[in-house]
Amino acid sequence: MIPQPRFNCRLGETEQNRLLARLENHFDWRADSWRYLWLNGVRLGRLNEKWLERVEQDWPGRLEEKPDGIYLFTDNWLSMGDSLQHMAQGWHQLGHLSGWRNEKFDATDNAGNALFALERAAFRPLGLMSQAVHINGLTEHNGEWVFWIGRRSPFKAVDPNKLDNLVGGGIASGESIQEAMLREGGEEAGLDAGLLQNLPCRSRRLSVRPVSRGLHNELLHIFDVVLPPDVVPENQDGEVAEFKRMGVAELAAAMCDGLLMNDAMIATLDAFARYGLLDETHGLAKWLAATQKMKL
């Protein structure tokens, strides 16, 4: 029987103040500067001025501008996906849209039903909500509970060498949350499915922040896995340079110094909150609580 993590410490006020300041700085996206994007009458995204202008110029179908946003219409959701894909491909070919992956994500409604699939690189320009899985890895080492943290490959196009959760990755079109968690766990950390298949999703948090390509709007499905001391993660897909164990104090300092990826910080702080490492009355805990209620 693998013991469950038990922490007997709590972050100090100074560390919590620094973490809150970092979150407020990186996730300040000033909602009033973005226009709502309505697709077939459903509010699904947000556009900044740059991408609003491109959509108005390049959308091939019916378009209406109203006080509450810009509306795009097609005959059905399949046609919507095809039209958006065609528009995004044009942006890519003209050099307006970088990071093309030839991978698709599903755009979903508020109930989680998939409406259409679209190249993942187009989600940020349109402010559409993507979804990802994150796994916090914990283990007991030298008499204390620590986190397994990955360092991204120096060859990654986005955030090379940044620290990350044990596992983190997007949910592909047509893939379930559980399937994505098992796949990413195997690819990124070499974890056997037997360690992961019964893991419950511990939390869901919405990460929204402005990025160079538009609006990062991602629903994080957060899991915890407790690894036996003799299990050492091993990357399989070349995306992680190394894994290392980090205690709470070291990991908190790394987050304060901006060494962790933004979404990895949210997933890690989610675990910190659940394991009693944060003061529930501090603004940091309140900020985190709000991420479970945010609506785009």
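Mentor: Two residues are in contact when heavy atoms of theirs lie within 4.5 Å. Helices (H or I, at least four residues) and strands (E, at least two) are DSSP runs, numbered from the N terminus. This is a predicted model, in which local features need pLDDT of at least 70, side-chain atom pairs count only at pLDDT 80 or more, and totals for chains, interfaces and linings use all residues. Residues are numbered from 1 along each chain as its sequence is written, and side-chain values use heavy atoms, with hydrogens and water left out.

Trainee: Let me start with helix H7. Which residues of helix H7 are buried?

Mentor: An α-helix has 3.6 residues a turn, so residues three or four places apart point the same way. Buried means under 20% relative accessible area, with over 50% called exposed and anything in between partly exposed (1.4 Å probe, protein chains only). In H7, residues 248-256, the buried set is Val248, Leu251, Ala252, Ala254, Met255 and Cys256.

Trainee: What covers the buried residues of H7?

Mentor: The cover includes helices H1 and H8 (262-274), together with strands S8 (144-152), S9 (163-164) and S13 (240-246). Glycine 258 follows H7 and has a positive phi, near 75°.

Trainee: In what sense does S1 pair with S2, and over how many bridges?

Mentor: S1, residues 35-39, runs antiparallel to S2 and is joined to it by 5 bridges. Arginine 35 has leucine 47 of S2 as its bridge partner, and tyrosine 36 has arginine 46. The two strands make a hairpin with 2 residues between them, and asparagine 40 in the turn has a positive phi of about 50°. S1 also runs parallel to S4 (residues 69-73), to which 3 bridges join it. Leucine 39 is placed opposite leucine 72 of S4.

Trainee: What about residues in loops? Is isoleucine 171 buried or exposed?

Mentor: Isoleucine 171 sits in the loop between S10 (167-170) and H5 (177-189). It has 8% relative accessibility, so it counts as buried. Beyond its neighbours within four places in sequence, isoleucine 171 has contacts that include Phe105, Gln131, Val133 and His221. Aspartate 106, 65 residues away in sequence, is at 8.3 Å from isoleucine 171, C-alpha to C-alpha.

Trainee: Which residues does alanine 121 touch?

Mentor: Alanine 121 belongs to the loop between S6 (114-119) and H4 (123-126). Its relative accessibility is 1%, so alanine 121 is also buried. Not counting residues up to four places away in sequence, alanine 121 touches Leu97, Ser98, Gly99, Trp100 and Arg213.

Methods
Pairing = 2+ DSSP bridges.
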